[in-house]
Amino acid sequence: MPLPSFARRASFVFLLPVISCLATTVTVSLDGPGKAISPDLFGIFFEDLSYAADGGLYAELIQNRSFEYQAIEQPAWNNLTAWEIVNRAGKGSLKVDASFPLNSNNPHYAVLAVETPGNGVGLSNAGYNGIPVTTGESFGLSFFARENFFGRRWNDIGKSGRLPLIARLETADGEVLAEASLEITEREWRRFSTTLTARKTDPAARFVILVTAPGGIAFDEISLFPQKTFHGHANGLRADLAQTIADLRPRFMRFPGGCLVHGNGLGNIYRWKDTIGPIEQRRQQANLWGYHQSVGLGYFEYFQFCEDIGARPLPVVAAGVCCQNSGEGIGQAGLPLAEMDSYIQDVLDLIEWANGPATSTWGAKRAAGGHPEPFGLKYLGVGNEDQITPVFRERFKLIHEAVKAKHPEIVLVGTVGPFPDGEDFDKGWQIAGELGVAIVDEHYYRSPQWFWDNLQRYDSYDRRKSKVYAGEYAAHDDNRRNTLRSAIAEAAYLTSLERNGDVVHMASYAPMLARRDRTHWSPDLIYFNSTQVFPTLNYTIQQLFSHNRGETYLATVLDQTTSAKVRIAASTVRESQSGDVIFKLVNGEDKPHAFTVRFDGKRSLPATAIQTVLTGATGDIVNEDGAAPAATPKTTAISLTSEYSYEAPANSLTIIRIKTK
Ligand code: AHR
């Protein structure tokens with residue numbers, strides 16, 4: 001029966017406040033069969049961008065150790081960038097030469113001519129904004145050197161047969177923090193090494209090497225590492241940064257890029273073979289982000305790091321084309337087809353290097369690097385954000401077919417262009433369908449609202465087609481800040497990836513690392529300077545999801561009447577090993593939101609559960625360097641009922657871990 005008009009008006013007046021107070025119901029099916037989630041869903045993406053490698057994760061403390069910086073990398077750079085001549089009341093000169101190099105991959109070296117030594121003539125290097133040292137800390141110094149003919153004579157070693165050197169760590173004012181003496185006795189290149197132990201702390205020391213007799217000396221590959229690297233490896237990684245990454249417990253790591261892989265022009269494509277073997281023999285090159293790649297952090301070190309942190313390696317090789325944004329009008333170009341056989345052989349050799357026995361040609365090189373056991377490569381990326389052109393298509397197909405034919409066990413990850421939709425995206429998916437590419441790599445750098453608007457993106461993906469790797473994503477808030485708002489939008493999105501963990505096989509935030517004083521791209525997951533690491537709120541979200549992952553998704557249904565209107569999201573997973581049920585609830589609104597969580601199932605729930613909440617005063621908060629985090633997860637024990645009433649704070653992620661065993 002129709003209501004009288006006053007009653008209709010009255011219900012209209014009273015209904016609005018009533019609805020906004022009503023709790024949204026979330027129903028979790030504890031007994032349903034659930035849906036398998038990819039075990040490799042949450043991982044990381046490392047790109048040498050913003051000094052992520054040299055000056056970052058790679059623990060080398062000397063900048064431009066091989067004297068290979070060039071003006072094509074930065075106009076103000078040359079082979080002596082980061083080096084200075086040091087003259088302690090003597091007379092001498094410093095120049096660069098390439099006449100008798102260590103090897104052809106490392107052509108330049110420094111030549112010091114000391115006329116009168118005074119208290120020493122030499123060279124100094126302050127690393128990347130100073131070399132941080134702490135009292136008692138030891139450093140491994142190594143370098144290549146040889147006596148060098150200068151003027152009309154060789155060194156004054158006729159008398160002693162030796163050219164004495166002093167290696168030091170000094171403060172900027174010249175106070176000696178550590179010291180060691182060495183002697184050069186040969187005219188051929190030879191490697192020297194010693195240990196320097198600091199007797200005082202200085203966050204910005206410099207390395208100095210002084211010659212204390214008249215003579216000429218050539219130096220190359222001057223390297224200084226903290227002895228305490230991550231897992232103690234020689235040529236290793238910065239322990240604090242590596243540990244911060246390890247604390248994410250990533251299931252895979254994609255490397256070494258990004259755009260870095262396909263490079264700025266064909267000559268700049270990242271070639272993995274140039275990055276293995278003794279560091280002084282690796283072929284360095286310009287980094288397309290405007291600096292230098294020493295490739296001291298090369299394929300061996302990437303694979304070793306993956307092993308150390310329990311992540312599957314996901315190396316990416318270029319699809320035989322360079323970046324479509326290559327400068328000087330180059331745009332996308334393809335390797336000549338006549339070179340594709342050899343390029344493809346390099347890709348096949350990579351698989352042998354990673355997985356072949358130590359007796360195989362490339363497996364032997366891995367073993368020579370110190371890893372006789374195979375690395376267990378499963379995934380291989382081919383291409384990154386490439387424009388999908390006939391040039392790309394032809395080369396991608398050749399690589400794909402060759403890998404499939406020789407290594408059907410390798411899971412190949414293709415690309416669908418730079419954007420989450422559009423022409424390249426469609427064409428990329430078409431190629432993937434035609435060739436049967438196992439996984440394709442989708443990227444999205446979008447506003448927080450885009451992430452909320454796309455929570456259903458994968459619900460309708462055809463499960464018979466290629467799987468998805470969300471290889472690069474980040475919610476870009478205003479001014480590209482790492483706000484809580486952006487982190488919460490990503491959290492909501494991650495619930496949708498859990499729900500679609502049968503089709504979304506992997507996902508990784510991007511970029512991961514950025515050095516504070518040399519950041520080329522924002523936002524990033526983890527910032528750092530020489531001595532400190534600054535994880536963002538986005539990092540906290542990644543960590544919370546990674547530590548609360550599961551292998552089975554349990555149906556989690558939000559009441560549609562409110563969920564369509566407000567920014568809320570939820571998912572539930574079961575962790576097989578513990579049997580725990582992990583419920584996640586995201587509120588992206590600027591005010592609290594009331595929920596009734598119905599845990600449907602035959603088994604009775606335990607009386608208590610562990611609840612973790614990340615929230616902050618406003619969506620605008622960000623972690624400030626050196627300050628306490630703007631928001632930290634708070635964990636409490638809660639009383640649980642099968643109908644749990646809960647008010648989710650504004651801008652929050654709530655995780656409830658329920659023990660069912
Ligand atoms: O993550 C930074 C860059 O973004 C990557 O190199 C590229 O793939 C993307 O455009």
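1. The lining of the largest pocket divides into nine nonpolar, 14 polar and nine charged residues, where Ala, Val, Leu, Ile, Met, Phe, Trp, Tyr, Cys and Pro count as nonpolar, Asp, Glu, Lys and Arg as charged, and the others, Gly among them, as polar. This pocket has a volume of about 760 Å³, and of the 32 residues that line it, Asn235, Gly277, Pro278, Ile279 and Arg282 are the closest to its centre. On a 1 Å grid over the protein atoms alone, a pocket is an open set of points with protein on both sides within 12 Å along at least five of seven lines, a cavity is a set where a 1.4 Å probe fits but cannot get out, and lining residues have an atom within 4 Å of a point. Grid points are joined across faces, edges and corners, and a volume is the space filled by probe spheres set on the points.

2. The model is predicted, with local features needing pLDDT of at least 70 and side-chain atom pairs counting only at pLDDT 80 or more, whereas totals for chains, interfaces and linings use all residues. Residues are numbered from 1 along each chain as its sequence is written, and side-chain values use heavy atoms, with hydrogens and water left out.

3. The mean pLDDT (the predictor's confidence in each residue, from 0 to 100) of the chain is 94, and 95% of its residues reach 70 or more. Over residues 1–20, however, the pLDDT is below 50, and beyond near neighbours in sequence this stretch has one contact in the model, contact meaning heavy atoms within 4.5 Å.

4. Strand E9 (138–147), strand E14 (215–226), helix H6 (299–309) and helix H8 (361–368) each supply at least two residues of the lining of the largest pocket, and E14 gives the most, with four residues. Helices (H or I, at least four residues) and strands (E, at least two) are DSSP runs, numbered from the N terminus.

5. Gly90 lies in the loop between strand E4 (83–87) and strand E5 (91–97). Not counting residues up to four places away in sequence, Gly90 touches Thr116, Pro117, Gly118 and Val121.
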